[in-house]
Amino acid sequence: MTTQASEILKYAGAKWRTGACPLEDYFLLEREVNPFPALSSACWRGYVGHWSIEDSRLYLEKLTGDDGEVHSIFPLAKVFPGHTANRAFAHWYNGDMLLEDKIDPALYKGCEGMTRPALVLKIRRGRLMAEEVVDRPDVDLLEPWTSLAS
């Protein structure tokens with residue numbers, strides 16, 4: 001299996017990579033078809049979500065991906081018709097987000113920039129409910145991980 005492109009999350013003054021894909025839960029809940037074509041085996045979902053947590057709320061800030069010709073920023077209205085704000089509150093998302101790969105521009109060169117211990121953020125109805133620091137020496141850093149939607 002090809003390692004998938006990670007979602008990006010701004011949290012606590014840093015950028016993190018996570019295997020959690022909150023927008024996929026939205027598509028399932030709303031019985032929507034993912035409108036992004038999978039043009040690469042490195043990103044079967046066809047997009048990368050850029051998220052942030054502000055005031056304990058999870059927001060989708062932008063979507064990036066390839067539109068067939070060039071790397072693009074997709075308007076949020078492609079998923080949320082009529083949406084005009086510059087971000088969307090992820091009220092639909094219930095899950096645990098594993099933040100295992102802190103992006104440090106000075107260090108990040110593949111796995112060398114990955115940090116431990118990891119953080120697990122518990123999100124319920126789009127709100128940060130808890131943060132847990134976990135030591136994960138038993139986990140391969142390249143192991144795929146997805147949200148535990150509940």
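Q: Which side chains meet in a salt bridge at 3.4 Å, N to O?

A: Side chains of opposite charge can pair when their charged atoms come close. Here the side chains of Lys-122 and Asp-96 meet in a salt bridge at 3.4 Å, N to O, the term being used for a side-chain nitrogen of Lys or Arg within 4 Å of a carboxyl oxygen of Asp or Glu. The pair links distant parts of the chain, with Lys-122 in strand 8 (residues 118-124) and Asp-96 in strand 7 (residues 95-103), 26 residues apart; strands are DSSP runs of E, at least two residues, numbered from the N terminus. This is a predicted model, in which local features need pLDDT of at least 70 and side-chain atom pairs count only at pLDDT 80 or more, while totals for chains, interfaces and linings use all residues. Residues are numbered from 1 along each chain as its sequence is written, and side-chain values use heavy atoms, leaving out hydrogens and water.

Q: Is Asp-96 buried or exposed?

A: Buried means under 20% relative accessible area, exposed over 50%, and partly exposed in between (1.4 Å probe, protein chains only). Asp-96 counts as buried because its relative accessibility is 11%, whereas Lys-122, at 25%, counts as partly exposed.

Q: Which residues are linked with Asp-96 in a network of salt bridges?

A: The network links Asp-96, Lys-122 and Arg-124. The side chains of Asp-96 and Arg-124 meet in a salt bridge at 3.3 Å, N to O, and Arg-124 is partly exposed, at 30% relative accessibility.

Conventions:
Helices (H or I, at least four residues) and strands (E, at least two) are DSSP runs, numbered from the N terminus.
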